[in-house]
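Hi,

Here is the structure I promised to pass on. Have a look at it, and then read my notes below.

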Amino acid sequence: MNSILVRHKWEPYLWILPSLLLMAVFVVFPIGIVFKIAFSEVSKSGVVGAFNGLANFRAAVNEPAFGTVMSNTFYWVVSVVGISTLLGFIAAMVLNQSFHGRKLARSILVFPWAAALVIQASIWNYIIKFEYGNLNNILLNLGILRDAVNWRTSYQIEFIWECGVGIFVTIPFVTFCVLSGLQSIDAAYYEAATVDGAGFWKKLSTITVPLVKPSLTVSTVLNIIYVFNSFPIIYTITKGAPANKTDTLVTYLYMLAFYDQKKGQATALSVIGFLILCAAAGLYMTITMRKEDEL
Amino acid sequence: MTRSPAAKRNLHALWLCAAALLVAVVLTFLPALEFSTVVFTKRSGNTFVGDERYLEARAEAEAAAAAFEGAAIHETVIERVNSKGETTSMVTFDVKESTRMTIWQLLASIGGFSLSSVHTAHAFALCVLLAVVLGALSLRGQLACEHRHLPRSTRVLRTCAAWLGLAAMLCVPLFGMSCNYNFTRQVSLYLTEHAELSGQAVPALERLLYSAAPAGELEALLDGMTMTTLWPLWALLPVLFVFLLGLILLCKGEIKPTLARGGLYAFVIVLCVVILYPFFVMLITAFRSNAETTDMYFLHILPTTWVWSNISDIVARGVPRFLLNSILLSTGATAIALVCGIPAAYAMARMQFRGKKSFLGFVIMSQMFAPVVLLVGITQLMNTLRLNDTILGLMFINAAFNQAFAIWLLRGTFVSISSEMEQAACIDGCNSVSALIRILLPMAAPGIVTTLIFVFINAWNEYTISTVLISTPTNKPITVGITQFSSFNMIEWQYLFASALLATIPVVILFMLIEKHLVSGLTSGGVKG
C-alpha cells in the first residue's frame with residue numbers, strides 16, 4: 001500500500017486544513033452569499049433585504065432576454081466543445097506521427113492555451129473589423145479579395161465568430177489531452193491489428209478511440225465547465241450587443257449585476273448556472289469516482 | 001514482347017505526365033487574365049424599357065462603345081413603382097472595355113510597365129521545363145527497372161523533377177495572387193506619380209491593354225481598372241497535380257505513402273499558420289503607427305515603418321506598473337496555492353482517513369464554479385474583508401480557485417512516486433513533515449514546478465475578477481490594464497497590442513517549458529488515480 005503511517009487520527013485533517021480553509025473562505029462563502037442574495041429582496045443600491053422566495057428567479061426568467069441568452073449558452077457550449085474536441089482529436093492524431101518539426105509544431109500549438117483570453121479576443125476583434133481589420137488587409141494585399149468584406153454584418157455572424165474564437169483557444173487543451181492518451185497506447189496493438197488486416201478506420205474505432213476515451217472524457221467535461229464559464233471572449237468582442245442577442249449566461253449575469261444593478265436577478269441566474277453545472281459536475285464525479293475506487 | 005510490371009507502371013506514369021503536360025500547355029494558350037474597366041456610363045431617366053428615352057441613351061452608349069475595340073455594353077435595370085402605380089425603370093448603360101490575355105501574351109509584353117508577377121510565370125515555365133528535362137534524362141534505358149534497383153543518380157534526378165513539379169504547381173496560385181496585387185499597385189502608382197512614370201509606362205500599358213484606346217485618355221481608362229483571373233489559370237492547378245503524381249510515381253514507384261506524408265505536412269503547416277496568425281497580427285500591429293492601424297487600403301502586410309516608440313509610449317502610460325502588479329499577484333497567488341495545496345495533496349496521496357472521498361469530491365466541485373458566476377458573492381466578501389481593490393485580495397481569490405488544479409496535479413505527482421523512502425524514514429523516527437520536506441518534495445520537483453507555472457499563468461491571465469474588484473489604476477494587473485487603451489469610441493490598437501505582446505511573451509515561454517509535464521499530469525492525475 002502506497003501510504004505512510006499516521007500517528008494521530010486527526011493528523012490528515014491538519015494536513016488538509018489550510019487548503020480547506022482557503023477554499024471555504026474564498027469559494028464556499030461567496031457561494032453562500034450568492035444563494036442568500038438570490039432568495040432575498042435587493043434594493044438598487046445593493047442592500048440585501050428580507051427573504052422573498054423565488055421572486056428573483058421569476059423576474060430573471062421573465063426578462064425578454066432570458067430565452068435568447070439560454071439558447072445562446074447552449075449553442076456556445078455545444079458548438080465550441082463539440083467542434084474543438086473533433087478538431088483537437090484530429091490535430092492530436094497528426095501530431096502523434098513522427099515528422100520533422102514535430103516539437104516546433106507542439107510548441108506553436110501551446111500559444112492559444114497560454115495567452116490570456118482577453119488578449120486573444122482583442123486580437124480577433126481587430127482582425128475581423130470591417131473598416132481596417134487585418135483579415136481584409138491581408139486578403140486584399142494577397143489579391144484574394146478585390147473589395148473589403150464586412151465580416152460581421154449581423155449579430156448572428158458575430159456570434160459565430162465568437163464561437164470560432166472559442167474553438168480556436170480550446171483546441172490546444174483537447175489536443176494535448178488526447179496526445180497524452182495516444183502516447184500511452186502500446187504500438188504492439190497497432191502492429192497486431194495490421195497483421196490481422198485492419199484498415200485505418202478499423203484501427204481508429206477499435207484501438208485508438210477506446211484507449212483515448214479516458215483522456216477525452218476528462219478534457220470534454222473540463223471543457224464544458226470552462227466554456228460555460230468563459231467570459232472574456234464575448235465580453236471583448238460584442239459585449240453581448242445588440243440587446244443581449246449575443247450574450248451567454250455569464251456575460252448576461254455580469255451585465256445584470258454590474259451595469260443594470262439588478263443583483264437579485266443576477267444571483268438567481270448564478271444559481272441556475274450552478275444547477276446546470278452541477279449536472280455536469282455530477283456526471284464528471286460519477287465518471288471520475290468510478291476510476292477512483294481503488295483509492 | 002512482354003513487359004515487366006515495373007516497366008508497365010513506369011510507362012503508365014510517363015503517359016500520365018505527358019498527357020498532363022499537353023493539357024497544361026493548351027491551358028496556357030487560353031486567356032488567363034482579364035483586365036477590365038468601365039469607360040463610359042450613361043443613366044437614362046425614368047423610362048420604360050424600349051421607349052424613346054431608353055433608345056436615346058442606348059444610342060449614346062453604343063457610340064461611345066464604338067470608339068473602343070471589344071467594348072461591351074452592360075445594362076442594369078432598376079425597377080420601381082411611381083406614385084401613379086406604374087412601374088418605371090432606371091436603366092444604366094455601362095460600356096465595359098476588357099482585354100483578355102494568355103500567360104504567353106503576358107510574358108511577351110514585358111516592357112517598361114512590367115508586372116513583376118511575370119517573374120512567377122517565368123518561374124512556373126522554368127520549373128515545368130526543368131522537370132521535363134530531368135525526368136527525361138532519368139529515363140534512358142531505365143524504364144524497365146524496379147525502383148529499388150535504380151542507380152542513385154537516377155533517383156536523385158527523378159526526386160528533383162518531382163520537387164520541380166510541386167514548385168510549378170505552387171507557382172500557379174502565387175501567380176494569380178501576385179498578378180492581382182502588382183497590377184493594382186502599378187496602376188495606382190501610375191495614377192499618383194503620373195509624370196515620373198509616364199515616359200515608359202504609357203506606351204507599355206497601351207501595348208498591354210489598349211492598342212485601340214483614344215490617345216490621351218489612358219488615365220481615365222486606368223482609373224477603376226480591375227484585373228480578374230479566369231478559369232484556365234486555376235484549371236492549371238489540378239492538371240499540374242496530375243503531372244506531379246506521374247513524377248512521384250516515376251521516382252517512388254508508389255504514390256500513397258508520399259501523398260500521405262505530403263498531406264501530413266500540409267495539415268501541420270496550415271494548423272501552425274492559423275494558430276500563429278493572430279499572434280503575428282499582434283506583433284505587427286504593436287509596431288504600427290496610429291494612423292496605419294486604422295487604414296486598410298494601401299496598407300502593406302508589414303508596417304511601412306516599424307514604430308519602436310510605441311513601447312516607450314506604453315511605458316510612459318503605466319504599463320510597467322501593470323506588469324509589476326501582475327507579477328506580484330501571480331507570485332503571491334502561486335505561493336498561497338502551493339503552501340495550501342502541497343500538504344493537502346500529500347495527505348490525499350499518502351494517508352488514509354475518513355472523509356477523504358468527500359474532500360476529493362469537494363475539490364472537484366470547487367473546480368466547477370468559475371469566479372464569474374460568483375462575482376456578486378466575491379465582491380460582497382471582499383467588501384466585508386476590506387480586501388476589495390487590493391492585489392492581496394486577488395491573490396487569495398486566484399489561489400483559491402486554482403486549489404483544485406494544484407491539488408490534482410500535485411497528488412498525481414506524489415502518487416507516481418513510491419513511498420518506500422518515506423516509510424523507511426518514518427521507521428527511523430522521522431515525522432511526516434520532515435519526510436515530506438526532505439524526501440518527497442525534492443523527488444517531486446518537476447511536478448511541483450509544473451504546478452507552480454500552471455497556477456502562475458492562470459493567475460497572470462485572469463481577467464474577470466480583476467476587472468470587477470480593482471478600480472484604482474495603480475493596482476490593475478496587465479490584463480485589465482490593457483483595456484485602458486480601448487475606450488468606447490476610440491481604440492489605440494498599437495498600444496493595446498504592444499502591451500499585450502509584453503504580457504504574452506513570458507507566459508508563452510513558461511507554458512512551453514511545462515507543456516509536456518502538464519498534460520501527462522492533468523490526465524494521469526485525473527484518470528489513473
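A quick word on domains: their bounds come from an automatic or database domain assignment. For chain B, that assignment gives domain 1 (5-26 + 108-290) and domain 2 (313-528). Please keep in mind that this is a predicted model, where local features need pLDDT of at least 70 and side-chain atom pairs count only at pLDDT 80 or more, while totals for chains, interfaces and linings use all residues. Residues are numbered from 1 along each chain as its sequence is written, and chains are lettered from A and ligands numbered from 1 in the order in which they are written.

Where do the two domains of chain B touch? Six residues of domain 1 are in contact with seven of domain 2 (contact means C-beta atoms, placed from the backbone, within 7 Å). On the domain 1 side, helix 9 (residues 256-286) of chain B gives the most, with four residues. Helices here are DSSP runs of H or I with at least four residues, strands are runs of E with at least two, and both are numbered from the N terminus. In total, chain B has 21 helices and four strands.

Now for the two chains together: 90 residues from chain A and 91 residues from chain B make up the contact. Helix 1 (residues 11-38) of chain A gives the most to chain A's side, with 16 residues.

One more thing to look at is helix 9 of chain A, which has a kink of about 55° at A:Lys213, shortly before the proline A:Pro214. The bend is the angle between axes fitted to the seven residues ending at a residue and the seven starting there.

Cheers
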